[in-house]
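Have the model open while you go through them.

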Amino acid sequence: MENHFTLEERIQFLISKLRKQVKPIHRDSALRLSADALEQVETIADIATKAYYLNELAIACLEIKLADKCLEILNRALEATQAIFDRSTKITEFSKIGSGYVKLGIEDEGLNLLDRALQLAKTLEDVDARDRALCDLISACEDIGYNTLAIEIAKLVEEK
């Protein structure tokens, strides 16, 4: 029987299945699923797509309290994100990674990435792209409870 699923569909399925492994008795199964998903993600050739799925996988690990695995994956996501050429995509991924670090209690590193995302967003010449990137950054800040920072960034969107 042929496999008609794309690589991305397989990864999405594994991440979805991983998110259901919430009980402590499911820890071994969750670790296997996260390892399988990570192995699949690492085969993705497009660096931006790889960074996106690494972030999605890290978020899923964080949701089910696999902090060590989440940190490992966030570090890989950061490495991949640094190689992304498109600044808008890079800003979005930096925002997610920064938020993840803060949620893991690595606040300095998280804030550093959020600041890098903000500084990069300020360099975008296309106002619409800049505003979309800033909105991603605002969402990341709100997600971790940095509402004052989110408001300051929102003011930049209004400055058109």
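1. Salt bridges first: the structure holds 10 of them, counting a side-chain nitrogen of Lys or Arg within 4 Å of a carboxyl oxygen of Asp or Glu. Keep in mind that this is a predicted model, where local features need pLDDT of at least 70, side-chain atom pairs count only at pLDDT 80 or more, and totals for chains, interfaces and linings use all residues. Residues are numbered from 1 along each chain as its sequence is written, and side-chain values use heavy atoms, with hydrogens and water left out.

2. Take R19 and E63, whose closest N and O atoms sit 2.7 Å apart in a salt bridge. For the cut-offs, buried means under 20% relative accessible area, exposed over 50%, and partly exposed in between, using a 1.4 Å probe and protein chains only.

3. Is K50 buried or exposed? With a relative accessible area of 14%, K50 is buried. Its salt-bridge partner E42 has its closest approach at 3.7 Å, N to O, and E42 is partly exposed at 32% relative accessibility.

4. Next, look at helix α4 (residues 67-82), which holds both E72 and R76, 4 residues apart or about one turn of the helix. Their side chains form a salt bridge at 3.3 Å, N to O. E72 comes out partly exposed at 30% relative accessibility, and R76 is partly exposed as well, with a relative accessible area of 32%.

5. Now the cysteines. How many disulfides does a search of the whole structure find? It finds 0, where a disulfide is a pair of cysteine sulfur atoms within 2.5 Å. C70 is in none, and its nearest cysteine sulfur, from C61, is 6.3 Å away. C70 has 1% relative accessibility, so it counts as buried.

6. C141 is in no disulfide either: the nearest cysteine sulfur belongs to C135, 12 Å away. C141 is buried, at a relative accessible area of 0%.

Definitions and conventions
Helix = DSSP H or I, 4+ residues; strand = E, 2+ residues; numbered from the N terminus.
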